[in-house]
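User: Please examine the following model and answer a series of questions on its architecture.

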Amino acid sequence: MSFEFVTSGKPPISPREKKFSHLLLFFEDVVKVPVFGCQHCGECILSSTAFICSQRCPKRMRNGPCGGTGAGGWCEVYPERKCVWYRIYYRSKILNRLNLLYKINKIHNWNLEGTSAWLNVFMKRIDAPIWFVRSDKKKVKEMLSDDVQRKN
Amino acid sequence: MTFKEKIESGTFIVCGEIGPPKSCDGDVLREKSKYFKGVVDAVNITDNQTAIVRLSSIASAKILLEVGVEPIMQMTCRDRNRIAIQSDLLGAAALGIHNVLCLTGDYQKFGDQPEAKGVFDLDSIQLIATAAKMNSGFLLSEQEMKKAPDFLIGAAANPFAEPFEMRLIRLHKKVKAGARFIQTQPVFDMDIFTRWMEKVVEMGLHEKCAILAGVMPVKSVKALYHMKKEVPGVKINDEYINRLENASDPKEEGVKIAIEMIQALKKIKGVRGIHIMPVMWESITPTIVKETGLGII
């Protein structure tokens, strides 16, 4: 296996850290809930999903849309809503962040549910956000060719 | 030759599909398997499709093995968390079931028990990666197994749902995670499928996995209307609706459409096989396979 897809639970969360995490979550919520509709997964991948929270998907998909996105991009479960991944794709295209969609996101660590993602980044439990992306098209090509090399 | 060897050797592949019954009557499966035995290379066993309770896919796959039909067990993420998924995969391997099709699963709202809790602990790509990791001898917990399973991992792709390019990204991720064959949703729009296949070939994905195009024979125009209205992510060309509506014998016309479609799909570059999905019409499979000159008969 050439890529990691399980979030390590290390370092473990101490009770003291948990208290601090709750405090930090309050400030995180002030930004993330009204702007992104944060679902408190504690394992934020907003930066690789063009700053749209993928956890608002009814199936909580972390790696792209399911096969039920209808014509016009409507969600199959809530037909009055747009599929979050449909929005993520088009915004990634506008922001030139398509190469980030090729990355396989890790399996959710439920121990981190309801903790502060900022603190988890600081403690190196989860990957740091990617703020700026340069030469998106070149990187997409790299992602595709990287795979060929891996096979050889 | 097993299904795995066929996928690796590069022969043209034909798959079928059986939906297990809504009771504990295993004879239904034995009866249905007659239409597939010696006709197709392997048969999909659906895992509580459209979120309606049915005989479990592991038990059904075992019944098929007993009657000499190679099963492809579907595994969805709707009903199991990561512990149950790994346990079920180990159980399947112990029973001799080595072909797994990894799916996210239909949302529980579409079934007869919409009040159920959906699990969705993993998604399909993570499920593929989990099965691949188990093949390498390790569980998700990094614990090494004394005996590693040997799964042939498959996945689904829907070229007809939007956005088009995102579907290719998903396919790329599935192949990267470890999928060795891909079954597509039923084709009812040749233009989109051809365009999708061109892109797949351009990305070189057809060399890393076997792409099996889905074909669904339909009995009546009502079925097509139902799919167009009720099933999201399905595109149906009006040509087929018109043809079925004007036909004097819709059943015969449905078979004719399926045969024509298979012949057209065979010619598309990169298509390694056909996946026939005769929903509630299993008896038609031998006719279609014979008429198109596919399969092992």
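Analyst: Two strands are taken to pair if DSSP finds at least two bridges between them. Helices (H or I, at least four residues) and strands (E, at least two) are DSSP runs, numbered from the N terminus. This is a predicted model, in which local features need pLDDT of at least 70, side-chain atom pairs count only at pLDDT 80 or more, and totals for chains, interfaces and linings use all residues. Residues are numbered from 1 along each chain as its sequence is written, while chains are lettered from A and ligands numbered from 1 in the order in which they are written.

User: Which residue in E6(B) is the bridge partner of B:Ala156?
Analyst: E5(B) and E6(B) run parallel and are joined by 4 bridges. Within E6(B), the bridge partner of B:Ala156 is B:Gln183.

User: In what order do the 8 strands of chain B close into a barrel?
Analyst: The pairing in this barrel is parallel. Neighbouring strands of the sheet are turned by 30° against each other on average, direction ignored; such axes are lines fitted to C-alpha atoms, for helices over the stretch in contact, and angles run from 0 to 180 degrees between N-to-C directions. The strand order is E1-E2-E3-E4-E5-E6-E7-E8.

User: Is strand E3 of chain B mostly covered or mostly open, and how many of its residues are buried?
Analyst: A residue is buried if 20 or more other C-beta atoms lie within 10 Å of its own, exposed if 12 or fewer, and partly exposed in between, with C-beta atoms placed from the backbone. In a regular strand the side chains alternate between the two faces of the sheet. On one side of E3(B), B:Pro71, B:Met73 and B:Met75 are buried, and on the other B:Ile72, B:Gln74 and B:Thr76 are buried as well. Strand E3 (residues 71–76) is thus mostly covered, its buried residues being 6 of 6.

User: Which residue of E4(B) is the bridge partner of B:Gln74?
Analyst: On one side, E3(B) runs parallel to strand E2 (residues 42–45) of chain B, with 3 bridges, and there B:Ile45 has B:Met73 as its bridge partner. Towards strand E4 (residues 99–103) of chain B, E3(B) is again parallel, with 4 bridges. The partner of B:Gln74 in E4(B) is B:Leu101.

User: What handedness does the β-α-β crossover from E5(B) through H6(B) to E6(B) have?
Analyst: A crossover is right-handed if, with the strands pointing away from the viewer, the path from the first strand over the helix to the second runs clockwise. E3(B), helix H4 (residues 82–94) and E4(B) make a unit of this hand, as do E6(B), helix H7 (residues 190–203) and E7(B). The crossover through H6(B) is likewise right-handed.

User: Which element gives the most residues to the side of chain B that touches chain A?
Analyst: Two residues are in contact if their C-beta atoms, placed from the backbone, lie within 7 Å. The contact takes 32 residues from chain B and 32 residues from chain A. On the chain B side, helix H5 (124–135) and helix H6 (164–177) are the elements that give two or more residues. With 7 residues, the element that gives the most is H6(B).

User: What is the radius of gyration of chain A?
Analyst: Chain A has 4 helices and 0 strands. The radius of gyration is taken over C-alpha atoms, and the globule rule is 2.2 Å times the number of residues to the power 0.38. For 152 residues the rule gives 15 Å, to which the value for chain A is close, so chain A is as compact as a globular protein of that length, with a radius of gyration of 17 Å.
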